Amino acid sequence: MASLTLKAITKRFGQILALHGVDLHVDHGEFCVLVGPSGCGKSTLLNIIAGLIQQDEGSVLIDGQSVDRLAPRERDVAMVFQNYALYPHMTVAQNLGFGLRMRDVPKQIIREQVLETARILGIEDLLDRKPRGLSGGQRQRVAMGRALVRRPRLFLLDEPLSNLDARLRASVRLELRHLHREIQSTIVYVTHDQVEAMTLGDKVVVMRRGKVHQIGWPETIYAHPADTFVATFIGSPEMNLYRGRLLHKDDRTHFQGAGFSLDIGGLQLNLGESELEVGIRPEDIAIGHGGTPALKAKIEMISDIGSEKYIHARLGQESMTIRAPREAAFQPGQVVPLTVDPDRVHIFHEGRRISWPAGSCSSSK
Amino acid sequence: MSRERLEKTIIQILRVMGLLVFIAIVAFPFYWMMVSSFRSLGEILLKPANLGLDIRKINLHAYYEVLFQHGFLRYICNSVYVSVVTVVLSVTLATVGGYAVTRLRFRGREFMSYSILLIYMFPAIVLVIPLYVMFSRMGFRDSINLLILVYLAQTLPVALYMLRSYFQTLPPEIEHAGLIDGCSRFSVIWRIIIPLSAPGLASVALYTFMIAWNEFLFAFMFLDTPEKFTLSRGVVQLAGSVHLSKQLVMAASVMVTLPILVFFLLFERYLVRGLTAGAMKG
């Protein structure tokens, strides 16, 4: 168990800037998830922490000590790879014990630790098999076991679930959570799946194009996205985002979008009438009267996913997605009034969030 | 249905016939060589075109004569020495070099990677005269170790190229896992790369062995003292000698050919691909 600190990590591959001054601190025993679209540099960052790639600038500290000059084997970290990267010429037991063997641990102790790890992961009966005889899920477990058996200071996981089918992924995700609670270790986990990020992470780091966009608790990131990228990347269905201007009228502020006007209460901003963006999550829109003057949208399509319904509607010249309970009985073509709570509206200026309503950025956990 | 079956049967028959013809073409000279080497000179002179092999009349005298009276025991030792040393050196150097150009990043890596094959583009015959002159002036000619050096120069480019291609098929994550698990670069090569590259290494060993074992041109040019002759050089010496007895040449030829065959059969099972099965998601 250890803490991890990254200071202004920068990495170039030729002309491409893969990482751009990344700062991050992960506490003892924290589960930190790096999330972002592919090519955002999250895997590169993980490889830099492991020491497999050398950063151009910046520094990696484990427990406050710089590890920049240490080889991967000297950093005492373990890594689980997306494609598992098991040693195909060794049995499962040898795969698990390899790291200990390389560290000259006595054979007897290796045996015990391999057995114990296999028991935790439920792969005791596979110990004598070779990786080629295992299913995807079993290989994934062996890969986890290989990291677990050494009890390293830091676990690095590079999209470990992305090669599993959807059902298995959900169950392994839960197991991971349990496992983390049990062994209380520091984990850095890379994924492009926002559901994994939100469900697993104590701390979520949203990245794009080599830059960190936001670091925070999952609920903070969801409730107070720092910019339009985070706002649309986290959350499914995506947040509705509209471009427009603010108009002040009779002490109230209206957002004037393309073909609609939205009352957002008493917001006072010194931005004049410059262009900005307004975001509303699909679940923050209620169908029914309430707002003055009422917004009206025309329903175009309804996706029924069983547990709830997504209603795709047209608001002015913009499209909108609304989350509705499964009992909701609407028909395409219907025109419905909408209510939006002004406190749930996100406002972005030049892509960045404007703190609103005041004081709501403090989050508790 | 019946038409389809008919077609399948015809194709099957054609395939078998084709294979038989091919085998006959390849195996016939070898067979004739074997049979002739088991006869006495008198038999060959009486019936030169006799292809039958009478097991009761197998005569190994030719082998005895070639081995002990014509110095082939010595030639075999020389050939084994040259080939084995060449194989060991070539495989070792190609492993390290091939790994370097595949995995390590250093200045001039691309250039080195491509220039490897460039060296191979020079035909041996172009090189042999200058090398002959050069080594003669330096006083290094007529040395068996010199031959090893030349064979190494000849086989290493292809060996490097083969291993480089093989290493490129190995997923780098396995090595990363090794590095994190506590390996140094060398132990990654030793404990992970080499076991996984057995097919590639076997092909390289086989290729190098065949070149070194069969090579004639350089052996012919560089070796003067009969004690230093390699097998192929010895066979030519024998064939060109005054008392041409066919069964002796045939016996000598069998001794040249057989080890390659044995080697191939030994290594053949390592040539199968797919050792990395199971490493990845599958």
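Let me start inside chain A, with helix 1, whose buried residues are Lys42(A), Thr44(A), Leu45(A), Leu46(A), Asn47(A), Ile48(A), Ile49(A) and Ala50(A); buried means under 20% relative accessible area, with exposed over 50% and partly exposed in between, using a 1.4 Å probe and protein chains only. Helices here are DSSP runs of H or I with at least four residues, strands are runs of E with at least two, and both are numbered from the N terminus.

Before going on, please keep in mind that this is a predicted model, in which local features need pLDDT of at least 70 and side-chain atom pairs count only at pLDDT 80 or more, while totals for chains, interfaces and linings use all residues. Residues are numbered from 1 along each chain as its sequence is written, chains are lettered from A and ligands numbered from 1 in the order in which they are written, and side-chain values use heavy atoms, with hydrogens and water left out.

Back to helix 1 of chain A, which spans residues 42–50: because 8 of its 9 residues are buried, it is largely enclosed by the rest of the structure. After this helix comes Gly51(A), with a positive phi near 95 degrees.

Further along chain A, helix 6 (residues 194–200) holds Glu196(A), which counts as buried because its relative accessibility is 3%. What does Glu196(A) contact, once its neighbours within four places in sequence are left aside? The partners are Leu161(A), Arg169(A), Arg173(A), Tyr189(A), Thr191(A) and Gly201(A), where contact means heavy atoms within 4.5 Å. With Tyr189(A) there is a side-chain to side-chain polar contact at 2.8 Å; that term covers a pair of N or O atoms within 3.5 Å, where within protein one must be able to donate a hydrogen and the other to accept it, and residues adjacent in sequence count only if both atoms are side-chain atoms.

Now to the place where the two chains meet, to which chain A brings 27 residues and chain B brings 24. Between them, chain A and chain B bury about 2,200 Å², with 62% of it on carbon and sulfur atoms; buried area is the accessible area (1.4 Å probe) that two parts lose on being put together, summed over both. How many salt bridges are counted between chain A and chain B? There is 1, and Arg150(A) and Asp181(B) meet in a salt bridge through their side chains, at 2.9 Å from N to O, the rule being a side-chain nitrogen of Lys or Arg within 4 Å of a carboxyl oxygen of Asp or Glu. Across this interface there are also 10 residue pairs in polar contact, both residues being at pLDDT 80 or more. On the side of chain A that touches chain B, strand 6 (77–80), helix 2 (92–102) and helix 4 (136–148) of chain A each give two or more residues, and helix 2 gives the most, with 4 residues.

Finally, chain B is divided into domain 1 (2–59) and domain 2 (62–271), with bounds from an automatic or database domain assignment. Their centres, taken over C-alpha atoms, are separated by 32 Å, and 12 residues of domain 1 are in contact with 11 residues of domain 2. The area buried between these two domains of chain B is about 920 Å², and carbon and sulfur atoms give 75% of it. On the domain 1 side, Phe30(B), Met33(B) and Ser37(B) lose the most area to domain 2, together 48% of what that side buries. Across this domain interface the rule finds 0 salt bridges, and the count of residue pairs in polar contact, both at pLDDT 80 or more, is 1.
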